[in-house]
Amino acid sequence: MKLTVWTYEGPPHVGAMRVATAMKGLHYVLHAPQGDTYADLLFTMIERRNHRPPVTYTTFQARDLGADTATLFKTSCHDAVDRFDPEAIIVGASCTAELIQDDPAGLAETMGLEIPVIPLELPSYSRKENFGADETFYQIVRHLAKPQERTDRVTCNILGPTALGFRARDDVEELTGLLSEMGIDVNVVAPLNARPSDIARIPAAHFNVLLVPEAGEAAARFLEREYKQPFTKTVPIGVGATRDFIAEVAAITGVSPKIDESRLRLPWWSRSVDSTYLTGKRVFIFGDGTHVAAHARIARDEMGFEVVGVGCYNREMARPIRALAKDYGVDALITDDYLEVEQAIEALSPEMILGTQMERHIGKRLGIPCAVISSPVHVQDFPARYSPQVGFEGANVIFDTLIHPLVMGLEEHLLTMFRDDFEFHDDAGASHHGGKAKPQPVDASGGSFSSKMKEEPHAGGDPQINDNVIWLSDAERELKKIPFFVRGKARRNTEAFALEKGLHEISLDTLYEAKAHYAR
Amino acid sequence: MNVPLTPTNGGCRGAPVLKERGQREVFCGLTGIIWLHRKMQDAFFLVVGSRTCAHLLQSAAGVMIFAEPRFGTAILEESDLAGMADAHEELDREVARLLERRPDIRQLFLVGSCPSEVIKIDLARAAERLSKVHAPHVRVLNYSGSGIETTFTEGEDACLASMVPVLKDTTARELLLVGALPDVVEDQMLSLLGDMGIENIRLLPARRIDETTAVGSNTVFALTQPFLGETHAALERRGARHIAAPFPFGEEGTTAWLRAIASEFGVSAETFDKVTAAPRARARKAISQAAEVLRGKSIFFFPDSQLEIPLARFLTRECGMTAVEVGSPYIHDALHGPDLDLLPAGPQIAEGQDVEKQLDRALAARPDLTVCGLGLANPLEAKGITTKWAIELVFTPVHFYEQAGDLAGLFSRPVRRKQLLQLEAAE
C-alpha cells in the first residue's frame with residue numbers, strides 16, 4: 001500500500017479511454033463498477049468535448065457479484081454494438097473487474113460478433129495511464145493493420161496523439177504543415193480522429209513520425225518490425241529539435257529539406273536585448289519524459305536559462321531522463337510523489353519552474369513563477385486559440401509561454417529604482433494584473449512602514465531575531481532596499497550563510513559576503 | 001401556521017415509479033469525502049482502494065487537492081493482492097505514519113472501495129484493532145464508499161451511519177439534526193430553532209469529535225438531507241424517532257420542515273409566525289426575482305444525489321416550472337414521501353438508471369432545462385439542450401430561507417445565459 005493524495009497519472013483503463021475517445025467508429029466496452037464513469041468528465045469538461053466518450057460501462061453493483069457479472073458483460077457488449085454500430089470494439093476490465101476474473105476478452109470472443117474484437121490486458125495494480133494508452137494503441141494497430149502496397153508519393157503516419165493529450169490537436173496540424181512543406185503527405189494520423197478502417201491503411205506509409213512516444217512507441221516498434229516502417233526518434237519541440245527532426249526525415253526519405261523559416265521568431269526574440277535578463281535564470285523542469293527532454297534543450301540552448309534540475313513521473317522514460325540529467329550535470333528526479341517534487345524544488349530554489357498543473361500549485365505556494373509544459377493539465381491548458389508545441393509556431397508559442405510568468409526585465413529594474421514611489425511600494429504587487437496598489441500607510445515622520453507590516457508580523461522589534469541569528473539594524477535596513485519579491489530569498493540565503501559560518505549576528509558586511517557567496 | 005396544500009391533482013406519492021437497471025452515469029460514494037472532510041475538522045478519510053479511487057477523488061476535488069486536504073488513498077499494489085495478512089500489516093503501518101504526521105487528527109475513517117470490498121479486506125476489524133492501538137487520542141471507524149454499494153451522496157449516509165453505534169447514550173429529550181451542511185447554513189438553522197425556544201439541539205456530524213452527541217429513546221431527529229436512509233435506520237435502531245417532513249429547500253420547504261419540528265416541541269403558532277415571518281418574506285422576494293425566467297419552463301432530472309425529488313417540488317411549486325421526469329438513484333418512502341406528496345402529479349418518477357434509454361427520453365422530450373452530471377452536460381448542450389450540472393447543488397449552500405434565492409438562481413442562470421448569447425451567424 002502507498003498513501004497518495006495527488007496522482008500524476010490515472011489508472012491504465014483511463015489511458016485506453018484516451019485512445020478510444022480520440023478515435024471515431026471505435027467503441028470501448030469496459031467491465032467496471034458503478035462510479036467509474038467519473039472519467040467521462042475528464043473528456044467532457046477538461047477537454048470540453050461535445051460528445052460522450054465512446055465507452056459503455058457494465059456498471060455492476062454489489063448484488064450482481066454473487067450472480068452473473070459475466071452475463072451482464074455480454075449483454076452490455078451486445079447493447080453497445082447494436083446501439084453504436086462501431087467498426088470495431090475494444091474490451092477490457094477496470095481495476096475492480098480485474099479482481100473478479102470474468103475475462104472480458106474471452107467472453108467477447110465467444111459472442112460471435114461480426115466486427116473485430118480487440119481484447120486489452122491492462123494490469124491496474126502495477127501500471128498506469130500512459131502504459132494503458134500505449135498498450136491499447138499497440139493492440140489496435142496489431143489487430144487492424146493490413147499489409148498494403150506503399151503509396152506512390154512519399155507519405156508518413158503521425159503516431160501517438162490521443163484525447164486529453166497536451167496540445168495534441170494543434171501539434172498534429174503544425175506537424176502536418178511542416179511535413180507538407182517538405183513534400184511529404186500524411187497517410188494516417190492515429191489514434192486522434194482515426195477510424196478503425198484508417199488503422200488498416202497505416203502500413204501504406206513509407207515511415208512513421210512518432211509524435212508522442214508515451215502513447216505510440218509500442219505501435220511504432222511493431223510497425224517497424226512487421227511492416228519495415230522506420231520511425232523518427234526526435235520529437236520536434238523547440239527550434240533545434242525541429243531542425244534535427246527535418247534532417248532525420250530527410251535522411252529517412254531522401255527528400256531535400258526545403259524549409260521556410262520566415263515565421264520562426266524565437267531565435268530573434270531570444271537574441272534581442274530585451275531578453276538579456278533571461279540569462280542564467282535558474283529553472284527546474286518536471287513533467288512527462290518527452291516534454292521534459294524537449295524543454296531542457298530549449299531552456300538551455302534557446303532561452304539561455306540554467307537548468308538546475310530535471311525529472312519525470314513516468315518510469316517508462318526514466319532511462320532517457322537520467323541520461324539527459326547527466327548531460328546537463330544535474331540530478332534526475334524520477335518519482336510520482338509530488339511531495340518529493342516539492343522538496344526538490346524547495347531545496348534547489350529555482351527562479352522558475354517548468355512543469356505540470358501540480359508544479360504550478362507548488363510554484364504558487366513557494367512564490368516561484370511557473371509555466372505549464374506537460375500533462376496532467378487543467379481546463380485552461382486546452383485553449384481555444386491555436387497553440388502548438390511542435391515545429392516553428394510551437395517554438396514561438398513556447399517562447400511567449402516561458403517568459404510571461406517572469407517579471408519583465410525593465411519592470412524589474414523600475415520596481416527596484418522606484419521602490420519607495422507611491423505606485424511601486426511593497427504592497428503594490430509584482431504585476432500590473434489584478435490587485436490594485438493600496439495607498440501606503442504613513443507614519444508621523446513621513447516614512448513608510450508598509451514593508452514592516454508585510455515582513456514582520458511576528459517580530460518583537462529591531463533587531464530581528466530568527467533561529468539565534470540576529471539582524472543588526474544596518475543590515476536590516478539594507479535588506480529592506482532589496483526588491484520585495486526577492487527579499488525573502490535574500491533573507492534566507494543570508495541566514496543560511498551566517499549559520500554555516502557560525503555567526504550569530506548579521507551585519508551589513510555579512511549581508512554582502514553572503515550575496516557574494518551566492519553570486520553566480 | 002398555514003400548512004402547504006397538497007396539489008389538487010393528488011401529488012406523486014402513489015405514482016408508478018419507472019425502475020430501470022443498466023449503465024449508470026453517477027459518482028460512487030467516495031465523492032462524499034470531499035465535503036465531509038471540510039465539515040468534520042478533526043477527521044481524516046483514508047480510502048483503501050486503487051489508483052482509480054485516487055484519480056476519482058483528484059478529479060472530483062479539483063483545486064481542493066492542493067490545500068493539504070484531510071483525505072488520501074492507500075493504493076493497493078500487486079503485492080497486497082497476493083496475501084491478506086500482509087494487507088493488514090501494510091494498513092497498520094500506513095495509518096501509524098499518517099497519524100504521526102498529522103497529530104491534529106482525532107477521528108480516522110477507513111473508507112472501503114470496490115477493490116477492497118471485492119477482495120474482502122476486513123476494514124471493520126482493522127478499525128477496531130487500530131482504535132485500540134491509537135486510543136484514546138484517535139477513534140477509528142469504517143464505512144464503505146464503494147461504487148458497488150453506494151451512489152454519490154450515499155457516501156455521507158454510510159459515514160454518518162457508521163458513527164451512530166458509537167454515539168453516547170442519553171435519556172434526555174433532545175433534538176438531533178442530521179446531515180452535513182455548510183457552517184453558514186447550519187448557524188441559520190440553529191438560530192431559527194433557538195428563536196422558537198427549542199433547546200438541547202445536537203448535530204450529526206458535529207464539527208469536532210469532542211462535540212459528538214448522544215442518542216437515546218427520547219431523542220427525536222430531523223434530516224436536513226434526503227439521502228440519509230441508512231443513518232435514519234441506524235438512529236431508529238438506537239430508539240430515536242424520526243420527524244418526517246419535506247426537505248428545507250425554498251420558502252415552502254423550509255417552513256414545512258421547521259413547522260414539523262415546531263409541532264413536535266409544542267411551539268405556539270404565534271411564536272412560529274413571529275420567528276419565520278421576516279425570513280419567509282425575504283425568501284419569497286428573492287425567489288420571485290431569480291425565478292422570473294423559470295416560469296412555465298420544463299425540467300428533466302437525471303439521477304445523481306437523491307436531492308432530485310425535493311428540488312423538483314421546489315421548482316414546480318415555487319418557481320412555476322413543469323417537471324417532465326424526476327430521476328433519483330434511490331427512492332425511500334419514509335424520507336421522500338412528504339416531498340412526493342407535494343409534487344404535482346404528472347412527471348415520470350424514475351428510480352435507478354439505464355443512461356442510454358434515459359438520454360433517448362430526454363432528447364425526445366426536449367426539456368427547457370436538464371439537470372445532469374458533468375459527463376452528460378456538454379454533450380447535451382452540444383445537442384441544443386440547456387443543462388444545469390447537478391454536483392453544484394451538493395457543494396453550494398442551498399438550504400433554508402436565506403439561500404432560497406440562490407437556489408432558484410442556480411437553475412435560472414443557464415436559462416438566462418442561453419437567452420443572452422447571440423452566437424449564431426446573422427442570416
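Visitor: Where does Cys53(B) lie?
Guide: In this predicted model, Cys53(B) is part of helix H2 of chain B, which covers residues 51-61.

Visitor: Is Cys53(B) buried or exposed?
Guide: Buried. Its relative accessibility is 7%, and buried means under 20% here.

Visitor: What does Cys53(B) touch?
Guide: Not counting residues up to four places away in sequence, Cys53(B) touches Leu30(B), Val47(B), Thr73(B), Ser113(B) and Pro115(B).

Visitor: Which residues does UniProt list for "binding site"?
Guide: The unreviewed UniProt entry lists Cys28(B), Cys53(B) and Cys114(B) under that heading. Those three span 87 residues in sequence, but no two of their C-alpha atoms are more than 9.5 Å apart, so they gather at one spot.

Visitor: OK, and where does Cys114(B) lie?
Guide: Cys114(B) is in helix H5 of chain B, residues 114-118. Cys114(B) is buried too, with a relative accessible area of 8%.

Visitor: And what is Cys114(B) in contact with?
Guide: Leaving aside neighbours within four places in sequence, the contacts of Cys114(B) include Pro33(A) and Thr96(A) from chain A. On chain B, Cys114(B) meets Ser146(B), Gly147(B) and Ile148(B).

Visitor: Chain A again, then. How many residues does the contact take from chain A and from chain B?
Guide: It takes 53 residues from chain A and 61 residues from chain B.

Visitor: How much area do chain A and chain B bury between them?
Guide: About 5000 Å², with 59% of it on carbon and sulfur atoms. On the chain A side, Met1(A), Leu3(A) and Tyr125(A) supply 20% of the area that chain A buries against chain B, more than any other three residues.

Visitor: Which side chain of chain A has a polar contact with Thr151(B)?
Guide: That of Gln34(A). The two side chains are joined by a polar contact of 2.9 Å.

Visitor: Where is the place of Thr151(B) in chain B?
Guide: Thr151(B) sits in the loop between strand S5 (139-144) and helix H7 (154-163) of chain B. Despite being in a loop, Thr151(B) is buried, with a relative accessible area of 1%.

Visitor: What else is Thr151(B) in contact with?
Guide: Beyond its neighbours within four places in sequence, the list includes Gln34(A), Arg24(B), Val26(B), Phe27(B), Cys28(B) and Gly29(B). Asp304(B), Pro329(B) and Tyr330(B) are in contact with Thr151(B) as well. Cys28(B) is one of the residues in that UniProt "binding site" listing.

Visitor: Switching to sheets. What is the order of the six strands in chain B?
Guide: The order is S1-S14-S13-S12-S15-S16, an open sheet with parallel pairing. Strand S1 (17-20) and strand S16 (387-389) stand at the edges with a single partner strand each, so one side of each has no neighbour in the sheet. On average, neighbouring strands are turned by 20 degrees against each other, direction ignored.

Visitor: Which helix packs on the sheet at S15 and S16?
Guide: Helix H15 of chain B, residues 374-382, touches S15 and S16. Its direction makes about 155 degrees with that of S15(B).

Visitor: How many bridges join S12 to S15?
Guide: Three bridges join strand S12 (residues 298-301) to strand S15 (residues 369-372), and the two run parallel. Ile299(B) stands opposite Leu369(B), and Phe301(B) is opposite Val371(B). On to S16(B): S15(B) pairs with S16(B) in the parallel sense over three bridges, with Val371(B) opposite Lys388(B).

Visitor: Are the faces of S15(B) covered or uncovered?
Guide: Both are covered. Leu369(B) and Val371(B) on one side and Thr370(B) and Cys372(B) on the other are all buried.

Visitor: What about the open sheet of four strands, what order does that have?
Guide: In chain B the order is S8-S7-S10-S11, with parallel pairing. Strand S8 (201-204) and strand S11 (241-242) stand at the edges, each with a single partner strand, so one side of each is left without a neighbour in the sheet. Helix H9 (residues 229-237) packs on this sheet, touching S7, S8, S10 and S11, and its direction makes about 180 degrees with that of S10(B).

Visitor: Which residue stands opposite Val220(B)?
Guide: Arg241(B), in S11(B). Strand S10 (residues 220-223) and S11(B) pair over two bridges, in the parallel sense.

Definitions and conventions
Residues are numbered from 1 along each chain as its sequence is written. Chains are lettered from A and ligands numbered from 1 in the order in which they are written. This is a predicted model: local features need pLDDT of at least 70, side-chain atom pairs count only at pLDDT 80 or more; totals for chains, interfaces and linings use all residues. Side-chain values use heavy atoms; hydrogens and water are left out. UniProt positions are given in the numbering used here, feature names are shortened, and annotations may be inferred rather than shown by experiment. Buried means under 20% relative accessible area, exposed over 50%, partly exposed in between (1.4 Å probe, protein chains only). Contact means heavy atoms within 4.5 Å. Two strands pair if DSSP finds at least two bridges between them. Axes are lines fitted to C-alpha atoms, for helices over the stretch in contact, and angles run from 0 to 180 degrees between N-to-C directions. A polar contact is a pair of N or O atoms within 3.5 Å; within protein, one must be able to donate a hydrogen and the other to accept it, and residues adjacent in sequence count only if both atoms are side-chain atoms. Buried area is the accessible area (1.4 Å probe) that two parts lose on being put together, summed over both.
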